[in-house]
Amino acid sequence: KNTIKAMEKELVTCSLQGKEKAALKRSQIFHIPGGKDLETKVIVVLGRAGMGKSILVQKICQDWSNGEFSQFEFVFWFDCKQISLPEKRYRLKDLLLEYFVKPQEGSKEIFEYILRNPAKVLLVFDGFEELHDHENFPRCSASQPEKDLYSIKELLSGLMQKKTLSGCTLLLTARPKDKVYQYVSKVDKTIEIVGFSPQQRELYITRYFEGLPYSENALKLIKEREYLFSHCYSPFMCRFVCFLCETVLEMGDKSLPSTLTTVFLKFVQQKIIRMQTDVAAMQNQESLAALARIAWYLGGKHQSAMKSGLLPSKELKEFALKNGFFLPFAFPRHSDSGEEEFGCTFSDFVIQNFLGALHLVLAEEIKDKSLIKYLSFPSKKRKPYNWLDLVPRFLAGFLFLQDDRYFCSLSNKDVKQSIKKQKTFLKYIRRLPINELCPERLLELLHCIHETQSNYLLEHVALRLKPDMSFLGVVLTPADVHVLHSVLKRSRREFSLDLRNSSIDMQGLKDLVGLKNVASFRASLGDTVRLWKSLEQTKDYELLRESTEKFVLDPFKAKTMKDVSDLAGLVEMQEMMINCVPDAPGCSSYEIPAIKNLRKLEFALGPVYGLQGFLKLVEILAAFPSLQHLDLDAFSENGIGDEGAKSLSEVFPALTSLETLNLSQNKITDVGAEKLATALPSLSALKTLSLYNNSICDFGAENLAKVLPAMASLRVLDVQYNKITSVGAQQLTDSLRKCPHIKNLVMWNPTIPYGVLEHLQQLDSRISV
C-alpha cells in the first residue's frame with residue numbers, strides 16, 4: 001500500500017483564475033516567473049479535506065532534507081492545529097527555534113542569520129482553516145516580532161502582509177472555500193489538488209487489494225455503488241471506502257452501503273457495535289454522544305484538536321483512541337518548562353462531520369424545528385452555523401434512518417421524536433424555493449436529498465429544477481455530477497446546462513450530455529473537443545452526433561491563447577467529422593451546429609498576446625458562416641495594429657454575414673486603414689463599423705471616404721478619437737453626401753477644430769460631435 005501513497009503526492013494541478021489546468025511537478029512549485037528576490041513570495045495550495053495537502057507538504061520537506069529545493073537553507077513546517085490555541089503567544093524566534101525545532105546551541109546566531117537572509121527561508125503553514133474564524137483575523141502586522149509576544153494570528157498576518165521577515169517564501173494550504181486571499185496582500189501562485197481521475201481511482205483500488213483473495217471482487221463491489229465510487233476522487237475517501245470494502249468482504253457480505261451516512265454508520269458498527277454486551281452498549285451510547293458533543297463544539301470554533309485536560313474523562317479518551325475516532329496530538333512546548341502538551345485530534349475531517357451531525361440528532365436540547373437552521377440551502381450570503389460543512393448531508397441521512405437497527409443501537413431516543421424531526425425536514429424541503437437556489441446551494445441540497453434515499457424527495461426536487469441551469473465557475477466534483485445526473489434523469493423537463501469553468505471531468509461531461517432530456521449545453525471548448533475525440537475513437541457515433549447537436553458556443557469570448565487554440569481545435573474537429581466514415585450511423589458529413597450558428601465572437605487577449613492570438617484567429621474566421629458580430633475592443637486593448645488589420649481584410653470576402661465590426665483601440669494607423677478600406681466593400685452585410693481611438697490620420701480618412709459609397713449596407717461609422725484633421729473630416733463629409741444609406745458618422749477628434757466640426761454638422765445632421 002506504500003505505492004498508493006506515492007500516487008497521492010503527484011496529484012497537484014496549477015490553476016490560472018480557475019480556468020486553465022496543467023500538471024505540475026513538485027520541483028516546479030516554487031518557480032515564480034518574474035519574482036523578485038527581496039519580496040516575500042506567497043504560494044497557496046488549495047484542496048478539499050482529504051485531498052492530500054498535508055502529504056504534499058510532508059513530501060516537500062522530505063525532498064528538501066534529501067537535497068532538493070537547495071534555494072532554502074531553512075524549512076519550517078507548522079501544522080496549524082498545533083499553533084491554533086488562542087491563549088498561546090509567541091515571539092518569532094520562539095516560534096521558529098523553540099517550540100518545534102530547538103537547535104542544540106547557537107539559537108541567537110541562527111535567528112540573526114535568518115533575519116539577514118529571509119530569501120533562504122521557507123515557512124509552511126499546513127491547514128490554514130484551523131487558524132482563523134473569518135471574523136477575528138488581524139489586518140495589521142506585528143511591529144516588533146523579534147522582541148514582543150504576539151498571537152499566532154498577529155504573527156502570521158505580518159508574514160502574509162509581507163512586512164515580517166520580508167523576502168521569505170510562504171506556503172499555505174487551505175480548503176477552496178476558505179477566504180485565504182483576503183488576508184494576503186498578494187498571492188504569487190495558486191496550486192490546486194484536484195484528486196483522482198476515474199482511471200486513477202481504479203488503479204488505487206486495484207493496488208489496495210493486490211494479493212488479497214477477494215481482489216477481483218473488490219473493484220466490482222465498489223463500482224456497483226456509483227455514488228461511493230464518485231467520492232473516491234478524494235484520496236482519503238478512496239482509502240476509507242477500500243477499508244470498508246475489505247471489512248465487508250472479510251465478513252462475507254456482498255454489498256456496500258449506498259450513502260455516506262450509511263457508510264460511516266457501517267464503520268461505527270464495525271468498530272464498536274459487534275460483539276458487545278448490553279452494559280457495553282449503554283457505555284458506548286454515552287461515549288458516542290459525548291464525542292459527538294465535542295465534535296460539534298470544536299467545529300463551531302474551527303478546530304479539530306483539543307488538550308487532553310478538556311476531555312470529560314480518561315475513559316472517553318481511551319474509547320476514542322481505541323476505535324479510531326481520535327489520534328494523539330502534541331501541542332507546542334511550554335516556554336518555561338520546555339515540556340510538550342499532549343492532546344487529541346479527530347482522525348479526519350469527515351469523521352468529525354459525521355459525529356457533529358450525530359450530536360444534532362441525539363441532543364435533547366435541540367428540538368425538531370431548530371434543526372432546520374443547520375441546513376445551509378436558503379441564501380448564498382448566509383453563513384453556515386458551523387465550520388463542519390458536511391453536517392447537513394449526514395443530518396439529512398440520519399433523519400431517514402430511524403428504522404435502521406444499527407442506528408437505533410447508537411441511541412435510546414424515542415422513535416416518535418425522530419419521525420417528528422423527519423416530518424419537519426420534509427415540510428421544510430417542500431417549502432424551499434428550489435428554482436431560486438444558487439448553484440452551490442442547489443448541489444448541497446441534491447447531496448442531502450441523496451442521503452435520505454427518499455424517492456418522494458428526489459421526485460419533488462426533480463420537478464422543481466429550473467430548465468436553464470448554470471454552473472459557470474462552480475467546481476463540480478465527480479460526486480456533485482453524480483447527484484445532479486441522478487436527479488436530472490428523473491425529470492420530465494428539458495434542460496440547458498452551462499458547465500464552463502466547472503472543472504468537470506470527461507466522464508462527468510459524457511454522463512450529463514448523454515441524458516436525453518439535456519437539450520443543450522455549454523462547456524469548456526477544450527474539454528468538449530476531448531470528449532468528442534474520445535467518442536470518435538471508441539466509435540460511439542450516436543452519442544458523438546447527439547452531443548455535437550446539443551453543444552452551444554454562441555456568444556464566444558476569447559480571453560486567452562488557449563481559448564483561440566481550443567476554437568481552432570473545434571474547427572479541426574469539424575474537418576475530421578466531414579471526413580468521418582460515411583457508413584457509420586449518425587456520422588454523416590455535416591457542419592457542427594455550434595460552428596454554423598456562432599453569431600457573436602469577442603476577442604480580448606490584451607496587448608501581450610493580442611496580435612499573436614488574432615493572427616491565429618483570422619486563420620479560422622472563414623469557418624463561421626453565420627458570424628454577425630466581431631468585437632475586438634478589449635478593456636486592456638488588444639493592439640492588433642496594421643498587421644492584424646491587413647490579415648483581417650484578407651478574409652473579408654468570406655464573412656458574408658458580418659453586420660458589426662468593432663476595431664476600436666487597436667493601434668491601427670493609415671497603413672492598416674488603407675488595407676481595410678480596400679476590402680470593406682466585400683462585407684456585403686456590414687451595418688456598423690467602429691474604428692474608435694486608433695491612430696488614423698487624413699490619409700486613412702481619405703481611403704475610407706473613397707469606399708463609403710460602395711458600402712451599401714453600412715449604417716454607422718465611428719472614427720472618433722483618431723488623428724484626423726479638418727482635411728480628412730471634409731473628405732468624409734463630402735463622401736457622406738453620396739451615401740444616403742448611412743445614418744450616423746461619429747467623427748469627433750481632438751485634432752479637428754470645434755468650429756469646423758460644428759460647421760460640418762450643420763451641413764449634414766448625420767455627423768455626431
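The following is a conversation about a predicted model, in which a colleague asks how its descriptions were reached.

Colleague: Before we go into details, what makes up the secondary structure of the chain, and how many of its residues count as buried?

Modeller: The chain comes to 30 helices and 21 strands, and of its 769 residues 55% count as buried. The chain exposes about 34500 Å², and carbon and sulfur atoms supply 50% of that area. Among the contacts with a separation of 6 or more, 76% are accounted for by residues 24 or more positions apart.

Colleague: What makes the peptide bond from Asp554 to Pro555 worth a look, and where is Pro555 found?

Modeller: The bond from Asp554 to Pro555 is cis, with omega near -10 degrees. Pro555 is found in the loop between helix 22 and strand 14 (556-558).

Colleague: Turning to helix packing, why are helix 14 and helix 17 called roughly parallel to each other?

Modeller: Helix 14 (residues 391-399) and helix 17 (residues 439-452) pack at an angle of about 30 degrees, with their axes 7 Å apart. Angles under 35 degrees count as roughly parallel, and helix 14 and helix 17 are therefore described in that way. Helix 14 passes helix 17 in a right-handed crossing.

Colleague: Which residues meet between helix 14 and helix 17, and how many belong to each class?

Modeller: Pro392, Arg393, Ala396 and Gly397 in helix 14 meet Glu444, His447, Cys448, Glu451 and Thr452 in helix 17. By class, this contact of helix 14 with helix 17 has 3 nonpolar, 3 polar and 3 charged residues.

Colleague: Then what makes helix 6 oblique to helix 9?

Modeller: The axes of helix 6 (residues 198-208) and helix 9 (residues 235-251) come within 10 Å and cross at roughly 40 degrees. Roughly parallel is kept for angles under 35 degrees and roughly perpendicular for 65 to 115, so helix 6 is oblique to helix 9. The crossing of helix 6 and helix 9 is right-handed.

Colleague: Which residues make the contact between helix 6 and helix 9, and what classes do they fall into?

Modeller: Helix 6 contributes Arg201, Tyr204, Ile205 and Tyr208, while helix 9 contributes Pro235, Cys238, Arg239, Cys242, Phe243 and Glu246. By class, the contact of helix 6 with helix 9 has 7 nonpolar, no polar and 3 charged residues.

Colleague: How do you know whether Leu165 is buried or exposed?

Modeller: Leu165 has 9% relative accessibility, and the cut-off for buried is under 20%, so Leu165 counts as buried. Leu165 lies in the loop between helix 5 (152-160) and strand 6 (169-174), and its phi is near 50 degrees, a positive value in a residue other than glycine.

Colleague: What relative accessible area does Tyr692 have, and which residues does Tyr692 touch?

Modeller: Tyr692, in the loop between strand 18 (688-690) and helix 28 (698-707), has a relative accessible area of 25% and is therefore partly exposed. Not counting residues up to four places away in sequence, Tyr692 touches Ser664, Gln665, Asp718, Gln720, Tyr721 and Asn722. The C-alpha atoms of Tyr692 and Gln665 are separated by 6.3 Å, although these residues are 27 apart along the chain.

Colleague: And what makes Ser636 partly exposed?

Modeller: The relative accessible area of Ser636 is 43%, so Ser636 counts as partly exposed, since only values over 50% are called exposed. Ser636 lies in the loop between strand 16 (629-631) and helix 26 (641-650). Leaving aside neighbours within four places in sequence, Ser636 is in contact with Gly606 and Pro607, and the C-alpha atoms of Ser636 and Gly606, 30 residues apart along the chain, are separated by 5.1 Å.

How values were computed: Residues are numbered from 1 along each chain as its sequence is written. This is a predicted model: local features need pLDDT of at least 70, side-chain atom pairs count only at pLDDT 80 or more; totals for chains, interfaces and linings use all residues. Side-chain values use heavy atoms; hydrogens and water are left out. Axes are lines fitted to C-alpha atoms, for helices over the stretch in contact, and angles run from 0 to 180 degrees between N-to-C directions. Helices (H or I, at least four residues) and strands (E, at least two) are DSSP runs, numbered from the N terminus. Angles under 35 degrees count as roughly parallel, over 145 as roughly antiparallel, 65 to 115 as roughly perpendicular and the rest as oblique. A crossing is left-handed if the near helix is turned anticlockwise from the far one by less than a right angle, and right-handed if clockwise. Contact means heavy atoms within 4.5 Å. Ala, Val, Leu, Ile, Met, Phe, Trp, Tyr, Cys and Pro count as nonpolar, Asp, Glu, Lys and Arg as charged, and the others, Gly among them, as polar. Buried means under 20% relative accessible area, exposed over 50%, partly exposed in between (1.4 Å probe, protein chains only). Accessible areas come from the Shrake-Rupley method with a 1.4 Å probe; for residues, only the protein chains shown count as cover.
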